[in-house]
Amino acid sequence: MNPNFLQTPLPYLKGIGPNRADTLKVELGLETFRDLLHLFPNRYLDKTQYYKISQLHPSGADVQIVGKIVHLKIVEQKRGKRLVARFVDETGEMELVWFRGHKWIKEQLKLNEPYVVFGRINRYGSIFSMAHPEMELLREHQKGLKIAMQPIYPSTEKLSAKGITNRVISKMVQQLLIESKGLFPESLSPSIMEELRLMPKSEALLNIHFPKSQELLAKAQFRLKFEELFYVQLQLISKKLVRRQKIKGLSFETVGENFNAFFSDHLPFELTNAQKKVIKEIRNDLGSNAQMNRLLQGDVGSGKTIVALMVMLMASDNGYQSCIMAPTEILAQQHYNGLKELLGQMDIKIALLTGSTKKSERTLLHNQLENGNLNILVGTHAVLEDKVRFKNLGLAIIDEQHRFGVAQRSKLWHKNETPPHILVMTATPIPRTLAMSLYGDLDVSVIDELPPGRKPIKTVHRFDTNRLKVFRFIKDEIKKGRQIYMVYPLIQESEALDYKDLMDGYESITRDFPMPEYQVSIVHGKMKPADKDYEMERFVKGETQIMVATTVIEVGVNVPNASVMIIESAERFGLSQLHQLRGRVGRGAEQSFCILMTGNKLSEDSKTRLQTMTRTNDGFEIAEVDLKLRGPGDLMGTQQSGLLNLKIADIVKDNQILQTARYHAIQLLKDDPRLEKPENAPIRNAYNSIAMGREIWGYIS
Ligand code: ADP
Ligand code: MG
């Protein structure tokens with residue numbers, strides 16, 4: 001095949017004029033032969049199988065059934081008319097439904113004649129139905145040509161409106177396969193092909209569009225999914241290798257005085273095994289000659305702070321300064337207080353730098369940083385400012401990473417001649433499978449164990465109609481001296497409405513919990529930062545018992561005395577957000593509660609989310625459910641990742657293949673790091689064409 005064949009613009013294909021090409025480009029992003037070839041069908045209609053009505057199940061699958069229409073009627077409803085046919089076979093009955101074109105369809109249909117109907121099954125109550133089925137009289141069906149599996153391509157309303165139907169797209173692909181003679185260059189090495197018994201590329205492309213059987217389709221899918229994931233992994237891993245080789249790091253060779261003193265005299269509790277494991281992993285990084293770029297994941301309350309401190313002590317033992325950054329002033333302040341307390345009488349100089357640090361203090365701080373008198377700087381984004389210069393910054397820790405972007409991380413790199421080691425800490429659990437694919441440029445450590453003796457938070461779901469009971473419960477808790485969070489959703493699209501909800505809620509709370517017996521704080525995003533901090537402070541100090549807020553409190557605030565988290569309209573929150581919010585309580589010695597308030601109408605997904613929350617406190621389990629519900633595209637941080645653009649693989653469903661692909665990518669790079677061996681030429685070629693630009697696998701950022 002001419003190597004440029006696949007780059008050919010679509011209008012050069014027979015059957016595609018400039019108009020169609022335009023529509024295809026706008027609607028599906030297709031511009032070249034390659035794009036069309038990689039427009040994989042979403043699903044296939046299996047024309048080899050016939051179902052009986054009694055065999056149907058409400059899975060939403062496409063099925064083919066032989067039966068007769070015994071009755072036809074027009075049903076009038078508020079939303080318009082529908083044509084409903086009662087359709088029977090010898091095992092049962094179901095409905096066929098049309099919302100449009102009644103008159104014409106009604107005239108065409110013949111009663112009591114055997115038909116083959118074809119379409120997607122739904123169930124309403126106890127009756128199955130099929131909307132706008134494809135229909136054919138049985139006798140014609142038997143005469144016609146049999147296609148085993150009919151591809152169904154992605155489509156849009158505009159496409160169908162412009163006459164580019166599924167049939168048309170399928171013709172285009174056919175034409176392309178004819179013009180290419182179905183010969184496409186192989187892009188995997190013979191040894192991988194053999195070991196995994198993969199279908200050759202050309203055959204796979206043929207069968208993905210026009211499978212000859214379920215079996216061949218499965219083989220084609222496996223081959224193409226593997227290939228796609230393999231190239232993602234190959235890129236991620238080689239990027240990581242390059243970083244390891246190129247970016248020299250500061251070597252922290254000793255574990256010295258400070259670390260040891262802290263460990264033997266100042267540890268307020270025994271470290272959990274998970275904490276020990278993670279400290280060891282980090283120590284290995286710091287002692288090697290490469291720069292550390294590590295992500296530390298640990299659920300809320302898992303004890304990341306002390307790990308951070310111990311790592312910073314390693315830095316000072318080796319003569320380096322460190323800094324730790326938090327996304328808000330309050331959090332930075334809390335870190336500062338917490339770390340200071342942990343350090344006790346130790347001879348470590350620590351200071352706080354935020355937006356509200358006074359000028360005079362700031363000047364002093366800058367000096368101390370530059371002459372090396374300060375060991376640890378705690379702060380907000382203010383730390384990133386160019387004016388802030390260190391004598392020898394050896395380690396930077398970023399807490400709650402999702403508030404910091406990649407750009408900010410890279411800013412830290414330039415704070416020292418040799419880039420400092422970087423540790424990113426997050427309480428947003430990322431499923432292992434996702435982390436592995438997502439953070440090609442970060443190594444990952446996990447604290448997967450909570451300190452002993454924590455009382456698990458009790459989580460319940462209550463309907464709005466039970467609000468009075470919930471309020472009585474709150475009053476009891478307040479009487480016991482506890483504090484309460486009450487959180488309202490805030491979604492950009494309905495911001496105005498959400499604020500109204502929040503304010504209404506606040507008003508009704510102040511009515512049900514009147515002053516002076518009760519003090520209520522309110523915090524939301526439209527307040528000035530100073531006012532927000534002031535209200536937050538009052539709650540932190542225990543001057544107010546109830547905090548009414550939007551999700552601004554999501555990240556990291558620590559009020560151990562708060563024991564109840566009420567989440568209003570909980571059905572509108574995502575799982576990870578619910579879990580984050582719940583993590584605001586359960587920090588003290590008392591039993592804590594999370595109450596999820598909802599209306600009566602709940603979608604299936606909402607129900608699953610609520611059930612997951614009441615069933616488990618395990619952040620990783622929750623993250624896995626979340627990933628299944630939403631797919632990787634929506635998860636935090638995946639926006640920049642190529643995983644969004646996978647054309648055929650699904651990292652959740654195809655996790656097994658992902659693991660295999662990763663394994664083979666690692667083996668390959670071990671064996672032939674520069675892809676120089678002749679047998680790896682197909683891989684090198686494919687890899688280079690990826691690196692060249694936009695391209696087959698649009699996942700290069
Ligand atoms: P997070 O991971 O959410 O940042 P923190 O570091 O704030 O968690 O720790 C939560 C609480 O648990 C703190 O009060 C801390 O002192 C305590 N803690 C941390 N590690 C342990 C441990 N190994 N044993 C007992 N308590 C611990
Ligand atoms: Mg923390």
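The largest nonpolar core of this predicted model comprises 41 residues, with Val307 and Leu309 making the most contacts inside it. Such a core is a set of buried Ala, Val, Leu, Ile, Met, Phe, Trp, Tyr and Cys residues joined through side-chain atoms within 4.5 Å, where buried means under 20% relative accessible area (1.4 Å probe, protein chains only). Elements giving two or more residues to this core include α11 (273-287), α13 (329-343) and β13 (393-399); α12 gives the most, with 10 residues. Helices (H or I, at least four residues) and strands (E, at least two) are DSSP runs numbered from the N terminus. Beyond its neighbours within four places in sequence, Leu309 is in contact (heavy atoms within 4.5 Å) with Phe262, Leu339, Leu342, Leu343 and Ile376. A second, separate core of 33 residues includes Leu30, Leu36, Val168 and Ile169.

Nine aromatic pairs were found in a search of the whole structure. Rings of Phe, Tyr and Trp (its six-membered ring) pair if their centres lie within 6.5 Å; planes under 30 degrees apart count as stacked, over 60 as edge-to-face and the rest as tilted. The ring centres of Phe226 and Phe230 are 5.6 Å apart and the planes are at 20 degrees, so this pair is stacked. Both residues lie in helix α9 (residues 214-246), four residues apart, and both are buried. For Phe230 and Tyr231, a centre distance of 5.3 Å and planes at 85 degrees make the pair edge-to-face. Phe226, Phe230 and Tyr231 form one aromatic cluster.

Residues are numbered from 1 along each chain as its sequence is written. Local features need pLDDT of at least 70, and side-chain atom pairs count only at pLDDT 80 or more.

Key:
Chains lettered and ligands numbered in written order. Heavy atoms only, no water. Buried < 20%, exposed > 50% of the residue type's maximum accessible area, 1.4 Å probe, protein only.
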